[in-house]
Amino acid sequence: SNNSQWTETRRECLRAFCDTLFPSLAIEPDPHGFWHRSASDLGVHLAVADSIENVFTAAGRAGAFRLLDALDGMGFCAAELGHREHLLRSILESSPAAAIGVGRLIKMVLGLCYVLPDMQGRNANWPAIGYPGPPASEKRAPEPRAIKLLQIEDDDATLDADVCIVGSGAGGGVIAGELAQRGLSVI
């Protein structure tokens with residue numbers, strides 16, 4: 001059914017929703033392009049659509065689609081920015097449930113406008129807000145850690161350890177590693 005799937009109209013409404021929250025504005029001077037850059041210029045609408053599709057619960061996805069359908073019914077996509085802002089405000093004030101659901105989506109959009117990286121791992125808004133980006137990590141090859149293998153020469157050998165684990169599957173291997181990290185001798 002169309003109630004649980006993306007449509008072109010829903011995608012357009014999501015883009016308009018994101019660009020209403022983080023619009024392109026004609027403000028000068030704009031040395032970093034911050035004011036001219038909209039949420040969709042940053043690809044935020046695509047990241048939100050991906051989250052709705054792959055991260056939201058079924059109920060959350062249905063709620064997002066209901067919101068987008070309601071926005072479409074109000075003529076949201078074709079409206080001017082000021083009218084879109086008014087429509088969003090009226091939805092937020094319509095009920096506590098709407099305020100919570102739409103409020104969460106608003107926080108997601110605005111957060112992504114400042115953290116969503118581009119293909120080079122940077123966000124175009126970082127220079128405007130004075131954020132240098134995450135520290136560069138040194139790409140060093142990890143040092144190989146050799147495991148000392150014990151060769152048992154005869155059948156009468158006696159081994160001494162704090163813990164003896166039989167089997168090195170998913171459970172045994174993890175337990176052995178945890179105990180060894182805590183300083184216990186493990187066989």
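Colleague: What makes Phe65 count as buried or exposed?

Modeller: Phe65 has a relative accessible area of 1%. Buried means under 20% relative accessible area, exposed over 50%, and partly exposed in between, with a 1.4 Å probe and protein chains only. Phe65 is therefore buried. Before we go on, this is a predicted model, where local features need pLDDT of at least 70, side-chain atom pairs count only at pLDDT 80 or more, and totals for chains, interfaces and linings use all residues. Residues are numbered from 1 along each chain as its sequence is written, and side-chain values use heavy atoms, leaving out hydrogens and water.

Colleague: Thanks! How many aromatic pairs are there?

Modeller: The count comes to 6 aromatic pairs. Rings of Phe, Tyr and Trp (its six-membered ring) pair if their centres lie within 6.5 Å; planes under 30 degrees apart are stacked, over 60 edge-to-face, and the rest tilted.

Colleague: Why is the pair of Trp6 and Phe65 called edge-to-face?

Modeller: The ring centres of Trp6 and Phe65 are 4.9 Å apart and the planes stand at 85°, so this pair is edge-to-face. Trp6 sits in the segment before α1 and Phe65 in helix α3 (residues 58-73), so the pair ties together parts that are 59 residues apart in sequence. Helices here are DSSP runs (H or I, at least four residues), as strands are (E, at least two), numbered from the N terminus. Trp6 counts as buried too, with 15% relative accessibility.

Colleague: And what makes Phe22 and Tyr114 an edge-to-face pair?

Modeller: Their planes are at 85° and their centres 5.7 Å apart, so Phe22 and Tyr114 are edge-to-face. Phe22 is in the loop between α1 and α2 and Tyr114 in helix α5 (residues 96-115), so the pair joins parts 92 residues apart in sequence. Phe22, at 7% relative accessibility, counts as buried, while Tyr114, at 30%, is partly exposed. Ring pairs link Phe22, Phe34, Trp35 and Tyr114 into a cluster.

Colleague: Why are α1 and α2 called oblique to each other?

Modeller: Helix α1 (residues 8-21) and helix α2 (residues 44-54) pack at about 120°, with axes 9 Å apart. Axes are lines fitted to C-alpha atoms, for helices over the stretch in contact, and angles run from 0 to 180 degrees between N-to-C directions. Under 35 degrees is roughly parallel, over 145 roughly antiparallel, 65 to 115 roughly perpendicular, and the rest oblique. α1 and α2 are therefore oblique.

Colleague: Which residues of α1 and α2 meet?

Modeller: Arg11, Leu14, Arg15 and Cys18 in α1 meet Val44, His45, Val48, Ala49 and Ile52 in α2, where contact means heavy atoms within 4.5 Å. In α2, the buried residues include Val44, His45 and Ile52, and the buried residues of this helix pack against α1, α3 and α5.

Colleague: What makes α1 roughly perpendicular to α5?

Modeller: The axes of α1 and α5 come within 10 Å and cross at roughly 70°. That angle makes α1 roughly perpendicular to α5. Phe17, Cys18 and Leu21 in α1 meet Val102, Leu105, Ile106, Val109 and Leu110 in α5.

Colleague: Where is Pro23, and how do you know whether Pro23 is buried or exposed?

Modeller: Pro23 lies in the loop between α1 and α2. At 18% relative accessibility, Pro23 counts as buried. Not counting residues up to four places away in sequence, Pro23 touches Trp35, Arg37, Ser38 and Leu81.
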